[in-house]
Amino acid sequence: TDVLRGTHGAPSLDRVDVVQPALWAVMIALADLWRAAGITPAAVIGHSQGEIAAAAVAGALTLDDAARVTALRSQAIARHLAGHGGMMSVALPADDVRAQIAAWDGRLSLAAVNGPTNTVVSGDPEALRELQTTCHNDGVRARIIPVDYASHSAHVETIRDELLDLLAPITPRTADIPFHSTVTGEPLDTTRLDAHYWYTNLRETVRLALDGAPE
């Protein structure tokens, strides 16, 4: 609570290993508040880290397992990825973005498809700035997101083995509520939400909006 209130001396929300668990806790608390008011979801879906909360709300992960995924994964990001990458929102369709970033030969990835013309690119900071200049020259809105790591890019592959080891103890279960995956873009058997899934959730494109072609 000190973090959320901004209490003097509390860890900064600028840190990925602080803000992600804090946001997860808020999502879980809101879902419990809605349930207390008699609002029960017919299905759940989550965006990137939000999928961890969705899995807990659906009953696919215990609160302890979902907290483990959130906390340990964000700590791994802070240890290994922070300071080496970046992310940028681009007002273009996913297929157009894929075509543009091909010129950077793997230094950029399509991180998220949020809507028909709302995407996120992640990767090397210099490559992002170059893409931003290209977009601005073409009259396309491109805004750097204030983070210093590149989720949903090749950068994540450097922490694959560590994540698989850290998250190995979790035990996914059959959900009480249908779970729709933004990794696959489809309803998912939640017994598959193991360590490998949560690595893939961080590595692959977030398919919040379906564009017909996985990254």
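Colleague: What makes you say that both faces of β2 are covered?

Modeller: This is a predicted model, and in it G86, M88 and V90 on one side of β2 are buried, as are M87 and S89 on the other. Buried means under 20% relative accessible area, and 5 of the 5 residues of β2 (residues 86-90) are buried, so the strand is largely enclosed by the rest of the structure.

Colleague: And why would neighbouring residues end up on opposite sides?

Modeller: Because side chains in a regular strand alternate between the two faces of the sheet.

Colleague: How do you know that β2 pairs with β4?

Modeller: Pairing takes at least two bridges, and 5 bridges join β2 to β4 (residues 118-123). Therefore the two count as paired, and they run antiparallel. One of the contacts to look up is M87, whose bridge partner in β4 is S122.

Colleague: What makes β5 a partner of β2 as well?

Modeller: That's 4 bridges, in the antiparallel sense, between β2 and β5 (residues 142-145). With at least two needed, β5 therefore qualifies. S89 has R143 as its bridge partner there, and M88 stands opposite I144.

Colleague: Where does β2 sit in the sheet order?

Modeller: The open sheet has 5 strands in the order β5-β2-β4-β3-β7, with mixed pairing. β5 and β7 (206-207) are called edge strands because each pairs on one side only.

Technical notes:
Residues are numbered from 1 along each chain as its sequence is written. This is a predicted model: local features need pLDDT of at least 70, side-chain atom pairs count only at pLDDT 80 or more; totals for chains, interfaces and linings use all residues. Side-chain values use heavy atoms; hydrogens and water are left out. Buried means under 20% relative accessible area, exposed over 50%, partly exposed in between (1.4 Å probe, protein chains only).
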